[in-house]
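I set out to look up, step by step, what the coordinates of this chain show. These entries record what I found, in the order in which I looked.

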Amino acid sequence: QVGKPGNAVIGGHVARRGLPGVFANLTHVSAGDVVQVYRGDRVFRYSITEIRIVAPDATSVMSQTHDATLTLITCFPDEQFQDRLVVVGRLM
């Protein structure tokens with residue numbers, strides 16, 4: 001769950017039917033950038049610590065963590081969708 005210990009995993013599209021998806025800008029993030037996640041009237045800020053490309057069947061990126069972690073997953077590259085872009089952040 002967002003804001004609590006463990007791995008909150010969110011998946012989304014970079015594009016859908018030729019239109020930008022919710023993660024259209026995810027390929028532009030860098031380590032140290034901050035991602036804000038809204039849950040109700042609360043805002044949780046995560047600092048990006050890791051960015052990597054994995055195979056579509058690399059489910060280990062969704063494993064539980066002890067720290068409050070956010071893992072964002074989308075298809076990559078946006079023209080072929082053959083791999084997955086994984087962006088990991090730690091709660092600030």
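**Entry 1: Confidence**

I began with the confidence values and found the lowest in strand β2 (residues 15-16), with a mean of 79, and the highest in strand β5 (residues 42-54), with a mean of 97. The model is predicted. For the chain, I noted an average pLDDT of 92, with 98% of the residues scoring at least 70.

**Entry 2: The chain as a whole**

I next looked up the secondary structure and counted seven strands and zero helices. Read along the sequence, the pattern is β-β-β-β-β-β-β.

Does the radius of gyration of the chain agree or disagree with that of a compact globule? I found 13 Å for the chain; a compact globule of 92 residues would have a value near 12 Å, so the two agree. Along the principal axes, the C-alpha atoms fill a box of roughly 35 × 30 × 20 Å.

I then turned to contacts between residues at least 6 apart in sequence, and 57% of these join residues at least 24 apart. Buried residues account for 32% of the 92 residues. The accessible surface is about 5,800 Å², and carbon and sulfur atoms contribute 50% of it. I also looked up the charges: there are 9 positive and 8 negative ones, and their mean positions lie 10 Å apart.

**Entry 3: Val 2**

I located Val 2 in the segment before β1 (6-11). Its relative accessible area is 13%, which is under 20%, so Val 2 counts as buried. Beyond its neighbours within four places in sequence, I found Val 2 in contact with Ala 8, Val 37, Arg 39, Phe 44 and Tyr 46. I also compared Val 2 with Glu 50: they are 48 residues apart in sequence, and their C-alpha atoms are 18 Å apart in space.

**Entry 4: Ile 10**

Ile 10 belongs to strand β1. Its relative accessibility is 31%, which lies between the cut-offs of 20% and 50%, so I recorded Ile 10 as partly exposed. Residues up to four places away in sequence aside, Ile 10 touches Phe 23, Leu 70, Thr 71, Leu 72 and Ile 73. Met 62 is 52 residues from Ile 10 in sequence, and the C-alpha to C-alpha distance is 9.5 Å.

**Entry 5: Pro 20**

I found Pro 20 in strand β3 (residues 19-20). Is Pro 20 buried or exposed? Its relative accessible area is 68%, which is over 50%, so Pro 20 is exposed. Not counting residues up to four places away in sequence, Pro 20 touches Val 14 and Ala 15.

**Entry 6: Ala 68 and Thr 69**

I looked up these two residues together. Ala 68 is in strand β6, and Thr 69 is also placed in strand β6 (residues 68-76). Ala 68 is buried, with a relative accessible area of 13%. Thr 69 has a relative accessible area of 2% and is therefore buried.

Which residues does Ala 68 touch, not counting residues up to four places away in sequence? I listed Lys 4, Pro 5, Gly 6, Tyr 46, Gly 89, Arg 90 and Leu 91. For one of these, Leu 91, I also noted the separation from Ala 68: 23 residues in sequence and 5.5 Å in space, C-alpha to C-alpha.

For Thr 69, with neighbours within four places in sequence left aside, I listed contacts with Gly 6, Asn 7, Ala 8, Tyr 46, Val 88, Gly 89 and Arg 90. I noted that Tyr 46 is in contact with Ala 68, with Thr 69 and with Val 2.

Terms used:
Residues numbered from 1 in each chain as written. Predicted model: local features only at pLDDT ≥ 70, side-chain atom pairs only at ≥ 80, totals over all residues. Heavy atoms only, no water. Helix = DSSP H or I, 4+ residues; strand = E, 2+ residues; numbered from the N terminus. Buried < 20%, exposed > 50% of the residue type's maximum accessible area, 1.4 Å probe, protein only. Contact = heavy atoms within 4.5 Å. Rg over C-alpha atoms; globule rule 2.2 N^0.38 Å. Areas by Shrake-Rupley, 256 points an atom, 1.4 Å probe, with all protein chains shown as cover. Lys, Arg positive; Asp, Glu negative; His and termini not counted. Charge placed at Lys NZ, Arg CZ, Asp CG, Glu CD. pLDDT = per-residue confidence, 0-100.
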